[in-house]
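Keep the 3D view open as you go.

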Amino acid sequence: MTLEQRRAQDAWQRAQRYTQEHVKIAKALPALIINSGLMQVLAFCHQKNDKHELVASDLRAWLQSRFPQLLRSSDFSTFMEALMQASPRDFQAVTAEAFAWLKWMRQMAAARVKGD
């Protein structure tokens, strides 16, 4: 299975619990990350503690599975601490992977919600 297939499968499975509001959030996150940065957006979503946090926790779980040596847990505090300690190269790789996964999540969530 290719990495793209794994991203698609993960997004498809996680999107089964999403509503139209989650779809809007997933579609907005890439622009928010471009404007504010990954850590700021994760903190914003965590602070909202609602549908935003569900999408963000799914993103953290995916990123943790892709970078297990760097991100030892998808728990918000542990995850953020690891990002703060990451090298610029690792941080850039995590951010790039976040965009790649969100690309799939935006499409899969919209397809699943429309299908329901």
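Which residues of α5 are buried? They are F76, F79, M80, A82 and L83, where buried means under 20% relative accessible area and exposed over 50%, with partly exposed in between (1.4 Å probe, protein chains only). This is a predicted model, in which local features need pLDDT of at least 70 and side-chain atom pairs count only at pLDDT 80 or more, while totals for chains, interfaces and linings use all residues. Residues are numbered from 1 along each chain as its sequence is written, and side-chain values use heavy atoms, leaving out hydrogens and water.

- The buried residues F76, F79, M80, A82 and L83 belong to α5; they cover an arc of only 160° around the axis, which puts them on the same side of α5. The arc is that of the directions from the helix axis to the C-beta atoms.
- On the face turned away from that buried side, α5 carries the exposed residues M84 and Q85.

**Overall build**
- The chain has 6 helices and 0 strands; helices (H or I, at least four residues) and strands (E, at least two) are DSSP runs, numbered from the N terminus.
- Of the 116 residues of the chain, 43% count as buried.
- Along the principal axes, the C-alpha atoms fill a box of roughly 40 × 35 × 25 Å.

**The nonpolar core**
- The largest nonpolar core has 34 residues, and L38, L42, L59, L63, L71, L83 and M105 have the most contacts inside it. Such a core is a set of buried Ala, Val, Leu, Ile, Met, Phe, Trp, Tyr and Cys residues joined through side-chain atoms within 4.5 Å.
- At least two residues of this core come from each of α1 (3-14), α2 (20-36), α3 (38-48), α4 (51-66), α5 (76-85) and α6 (88-115).
- The largest share, 8 residues, comes from α6.
- Not counting residues up to four places away in sequence, L38 touches I33, L59, L83, F91, V94, T95 and A98; contact means heavy atoms within 4.5 Å.

**A look at α1**
- R7, A8, D10, A11 and R14 are buried in α1. Seen down the axis of α1, its buried residues fall within an arc of 165°, so they line one face of the helix.

**Confidence**
- The chain averages a pLDDT of 95, and 98% of the residues score at least 70; pLDDT is the predictor's confidence in each residue, from 0 to 100.
- Among the elements of the chain, α5 has the highest mean pLDDT (98) and α6 the lowest (94).
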